[in-house]
Protein chains: 2
Amino acid sequence: MADPLPSYHHGSLREALVAAALRVVDDVGPEAVSMRALARETGVSSAAPFRHFPDRGALLDAVGERVADDLHARLDEATADCDDALTQFRAMTVAYVRFASEHPALFELVHRRAIDQRGFLGALDDDRRLKLIALIYEGQNAGLLPDADPELIALTNEALTYGLARMIVDRHPRVSALTSEDARKLALAATHLLQSGIGLT
Amino acid sequence: MADPLPSYHHGSLREALVAAALRVVDDVGPEAVSMRALARETGVSSAAPFRHFPDRGALLDAVGERVADDLHARLDEATADCDDALTQFRAMTVAYVRFASEHPALFELVHRRAIDQRGFLGALDDDRRLKLIALIYEGQNAGLLPDADPELIALTNEALTYGLARMIVDRHPRVSALTSEDARKLALAATHLLQSGIGLT
DNA sequence: TCTCGATGTTGGCAGCGCTCACATGCCGCG
DNA sequence: CGCGGCATGTGAGCGCTGCCAACATCGAGA
């Protein structure tokens with residue numbers, strides 16, 4: 001953390017920039033990230049950051065990747081200690097919505113970057129989605145689920161989760177200023193409603 | 001449209017600016033809106049826009065209000081010729097998702113502005129939501145619906161709709177580059193899945 | 001008709017992203 | 001061990017931006 005000497009070469013400027021930018025995004029938002037301000041804060045000249053990132057967008061991409069990794073880790077952690085696939089899936093939904101409510105700007109950044117076809121969560125989503133689809137097939141074979149396209153069922157579930165998270169991030173009137181606990185309850189209740197409706201129990 | 005004389009006073013600069021900004025947002029995105037560029041395009045000096053809007057954000061707010069009005073009108077139009085309250089509600093969902101898929105940047109703007117507690121769609125949502133809740137009460141009294149909190153049922157439905165629209169806007173892998181028709185089908189299928197699951201038929 | 005407020009203009013400030021030519025110092029090779 | 005090259009830093013600067021202040025113009029109302 002503490003550089004012994006303010007030497008000519010910073011040593012870990014890249015990480016320092018990403019960390020500082022991440023803080024700004026989390027506190028204020030992506031549009032508040034300024035290369036020059038970051039350089040000032042990090043104690044380097046205003047041109048130095050461009051040695052590590054071709055442009056501002058690339059810095060935000062790097063931040064996005066880092067956030068995506070963090071989110072990924074959180075989801076893993078949240079689903080670690082439940083063996084039942086269904087409860088595992090529910091835990092993931094809750095963790096997802098919770099992250100959105102605790103770090104709206106980071107959540108927004110990660111999904112906004114998906115606009116540029118980078119799809120940070122692509123691999124992650126695929127990974128999880130396959131589990132859910134397997135679960136749905138199981139349920140259908142056991143006669144517990146309606147015969148709808150499993151892809152559609154999975155997508156509907158995903159849309160509900162994403163919609164809840166997004167409503168919180170976008171501060172929709174009915175869900176703004178929720179505590180983490182409230183967000184957790186809401187996510188559980190809503191997904192339960194959908195899943196019990198569909199037949200997943 | 002065609003000003004007879006390029007007189008000193010523009011006459012309708014405010015509307016011209018909003019219209020031009022709306023075009024830019026729709027084509028490129030909100031961050032591409034530049035006061036000076038807009039002024040140039042409109043044929044006035046770069047300080048003129050500030051006679052009508054205190055700052056750039058206010059212009060974007062005005063664009064947002066206009067878009068919200070347009071969206072409102074579209075929803076009214078879409079639900080005009082269906083008398084059944086349920087089909088009316090479904091038509092609204094479809095129109096909502098469709099607007100998102102056709103004008104992602106405008107959709108984003110309108111909901112992003114909600115972040116600043118303006119909640120352009122607040123009144124609109126309330127209006128619609130009351131109809132849905134009345135419908136849910138009806139269904140519950142008739143024994144068709146589970147005894148869940150009607151507010152929760154309404155909110156879940158809203159979250160699903162918003163999630164679908166947002167996934168399209170944010171170009172999530174599984175729903176990116178959908179045609180309007182595909183978006184329509186998807187919205188219908190997903191909401192039907194939820195509603196039939198819940199018991200709304 | 002004269003005046004005054006709404007709406008336009010010019011010029012300018014500070015901050016931004018980004019580039020270029022030059023400075024520095026670390027690391028590997030002879 | 002010395003040195004040369006390359007990654008990484010610097011400072012100056014370009015053109016853009018949002019926004020402000022002082023002044024110009026015009027139309028509507030007294």
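Is B:Val67 buried or exposed, and how many other C-beta atoms lie within 10 Å? In this predicted model, B:Val67 is buried, with 23 other C-beta atoms within 10 Å. The residue belongs to helix α3 (residues 56–80) of chain B. When neighbours within four places in sequence are left aside, the contacts of B:Val67 are with B:Leu106, B:Leu109 and B:Val110. B:Phe107 stands 40 residues away from B:Val67 along the chain, yet the C-alpha atoms of the two are separated by 8.1 Å.

Chain A contains 8 helices and 0 strands, and its pattern along the sequence reads α-α-α-α-α-α-α-α. Of the 201 residues in chain A, 37% are buried. Among contacts in chain A that link residues at least 6 apart in sequence, 64% are between residues at least 24 apart.

Helix α3 (residues 56–80) of chain A was examined for its length and its buried positions. The buried residues of α3(A) are A:Leu59, A:Leu60, A:Val63, A:Gly64, A:Val67, A:Ala68, A:Leu71, A:Leu75 and A:Thr79. In general, an α-helix has 3.6 residues a turn, so residues three or four places apart point the same way.

Chains A and B meet through a pair of helices. Two packed helices are described by the angle between their axes and by the distance between those axes. Helix α7 (residues 150–169) of chain A packs against helix α7 (residues 150–169) of chain B at an angle of about 95°, and their axes are 7 Å apart. The helix α7(A) is therefore roughly perpendicular to α7(B). On the side of α7(A), the contact involves A:Thr156, A:Ala159, A:Leu160, A:Tyr162, A:Gly163, A:Leu164, A:Arg166 and A:Met167. On the side of α7(B), B:Thr156, B:Ala159, B:Leu160, B:Tyr162, B:Gly163, B:Leu164, B:Arg166 and B:Met167 take part. The residues of this contact comprise 10 nonpolar, 4 polar and 2 charged.

DNA strand C is surrounded by 23 residues, of which the closest are A:Met35, A:Asp55, B:His10, B:Ser45 and B:Ala47. Helix α2 (residues 35–42) of chain A supplies the largest share of the surface near DNA strand C, with 3 residues. That surface divides into 10 nonpolar, 9 polar and 4 charged residues. Around DNA strand D there are 22 residues, and A:His10, A:Ser45, A:Ala47, B:Met35 and B:Asp55 come nearest. Here helix α2 (residues 35–42) of chain B gives the most to the surface, with 3 residues. The surface near DNA strand D consists of 10 nonpolar, 8 polar and 4 charged residues.

Several arginine residues were also examined. B:Arg129, in helix α6 (residues 122–141) of chain B, is partly exposed, with 17 other C-beta atoms within 10 Å. B:Arg129 and B:Glu158 are 29 residues apart in sequence, and their C-alpha atoms are 8.6 Å apart in space. Most residues other than glycine have a negative phi. A:Arg171, although not a glycine, has a positive phi of about 55°; A:Arg171 is located in the loop between α7 and α8 (180–198) of chain A. With 19 other C-beta atoms within 10 Å, A:Arg171 is partly exposed. In chain B, B:Arg171 has a positive phi near 55° and lies in the loop between α7 and α8 (180–198). B:Arg171 is partly exposed, with 19 other C-beta atoms within 10 Å.

Definitions and conventions
Residues are numbered from 1 along each chain as its sequence is written. Chains are lettered from A and ligands numbered from 1 in the order in which they are written. This is a predicted model: local features need pLDDT of at least 70, side-chain atom pairs count only at pLDDT 80 or more; totals for chains, interfaces and linings use all residues. A residue is buried if 20 or more other C-beta atoms lie within 10 Å of its own, exposed if 12 or fewer, and partly exposed in between; C-beta atoms are placed from the backbone. Helices (H or I, at least four residues) and strands (E, at least two) are DSSP runs, numbered from the N terminus. A residue is near a molecule or strand if its C-beta atom, placed from the backbone, lies within 6 Å of it. Ala, Val, Leu, Ile, Met, Phe, Trp, Tyr, Cys and Pro count as nonpolar, Asp, Glu, Lys and Arg as charged, and the others, Gly among them, as polar. Axes are lines fitted to C-alpha atoms, for helices over the stretch in contact, and angles run from 0 to 180 degrees between N-to-C directions. Angles under 35 degrees count as roughly parallel, over 145 as roughly antiparallel, 65 to 115 as roughly perpendicular and the rest as oblique. Two residues are in contact if their C-beta atoms, placed from the backbone, lie within 7 Å.
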